[in-house]
Amino acid sequence: MLKKIIILLICFFCLSACSKINDGEKNNSMNKAEQEKYFDYFFLHNDELRYLPNFKNASEIKGDDSLLLFAFVNRSEKDSLLFSYEDFNFVCKKYFGKIFTIENSIMFNKTDVGFEPAGFDLNDQCYYRLNTLSKNADGSYSAFIEGIVIGECDLWDDEEFRSKNGQIIYDMIKEKGITEEEAVLQVFKSVSYKQTFDINLKINLTFKESETNGAIIYLSSKNEGKDID
């Protein structure tokens with residue numbers, strides 16, 4: 001009788017251990033899925049990160065050109081240079097959860113119906129790679145993201161003005177017949193991406209999933225990388 005009890009206890013502990021292992025595998029699988037989801041999101045939505053203002057919480061976001069430029073680049077009506085007040089409010093609500101007022105702007109002129117660019121170029125390209133992702137107790141996420149800048153001159157045939165990163169991308173395009181975006185993604189998916197690229201953009205983020213539009217709501221942002229020229 002005692003042997004049967006001991007055997008039953010051993011079986012119970014074995015089953016319990018297996019259950020914990022399986023639960024751990026499920027959690028790792030979930031975390032991997034989330035990592036892949038946001039890896040793809042930040043790579044594809046690079047204009048969000050490139051122009052995201054620095055702020056500790058939404059109440060600290062200033063209604064200045066940095067916010068207006070972010071909203072303009074991520075506007076829904078990209079076929080028109082006229083940026084309506086309605087669209088500006090929509091973008092702010094979508095990405096920050098609230099509406100802001102622009103008091104003064106150097107980069108845009110105010111009209112009766114919206115904002116018009118006063119004249120600037122956005123020729124450089126930035127690409128971002130999710131480095132670490134963790135989930136906070138309140139359900140939000142903390143992320144550390146690294147990135148590179150590909151300058152306007154980097155893909156010209158004249159190599160005099162080409163950066164190290166630009167040279168790598170240029171060679172991959174010529175040798176493999178792939179696009180700039182595909183070349184960057186191939187390197188970013190390699191474990192040795194830091195040995196290949198010069199990482200010149202670093203961003204610490206907190207964010208949460210939006211409940212309505214499939215985007216994310218940014219809760220804080222600290223860009224430690226170099227400024228875009």
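Contact here means heavy atoms within 4.5 Å. With that cut-off, S220 touches F55, K56, N204, L205 and T206, leaving aside residues up to four places away in sequence.

What you see is a predicted model, in which local features need pLDDT of at least 70 and side-chain atom pairs count only at pLDDT 80 or more, while totals for chains, interfaces and linings use all residues. Residues are numbered from 1 along each chain as its sequence is written, and side-chain values use heavy atoms, with hydrogens and water left out.

First, the overall layout. The protein chain has seven helices and seven strands; helices (H or I, at least four residues) and strands (E, at least two) are DSSP runs, numbered from the N terminus. Their order from the N terminus is α-α-α-β-α-β-β-β-β-α-α-α-β-β. Of the 229 residues in the protein chain, 36% are buried. Buried stands for under 20% relative accessible area, exposed for over 50%, and partly exposed for what lies in between, with a 1.4 Å probe and protein chains only. Among contacts in the protein chain with a separation of 6 or more, 60% are between residues 24 or more positions apart.

Back to S220. This serine lies in strand β7, residues 216-223, and counts as buried at 13% relative accessibility. The side chains of S220 and T206 make a polar contact at 2.5 Å. A polar contact is a pair of N or O atoms within 3.5 Å; within protein, one must be able to donate a hydrogen and the other to accept it, and residues adjacent in sequence count only if both atoms are side-chain atoms.

Next, the sheets. Strands β1, β3 and β2 form, in that order, an open sheet with antiparallel pairing; two strands pair if DSSP finds at least two bridges between them. At the edges are β1 (83-84) and β2 (108-110), each pairing on one side only. Three bridges join β2 to β3, and F108 stands opposite P117 in β3. Helix α3, residues 65-73, packs on this sheet and touches β1, β2 and β3; the direction of α3 makes about 90° with that of β2. For that angle, axes are lines fitted to C-alpha atoms, for helices over the stretch in contact, and angles run from 0 to 180 degrees between N-to-C directions.

Now the rings. Rings of Phe, Tyr and Trp (its six-membered ring) pair if their centres lie within 6.5 Å; planes under 30 degrees apart count as stacked, over 60 as edge-to-face and the rest as tilted. The count by this rule is 21 aromatic pairs. F88 and F115 are an edge-to-face pair, 5.6 Å centre to centre with 70° between the planes. F88 is in helix α4 (residues 85-96) and F115 in strand β3 (residues 114-117), so this pair ties together parts 27 residues apart in sequence. Both F88 and F115 are buried. F96 and F100 are also edge-to-face, at 6.1 Å and 85°. Ring pairs link F55, F70, Y95, F96, F100 and Y218 into a cluster.
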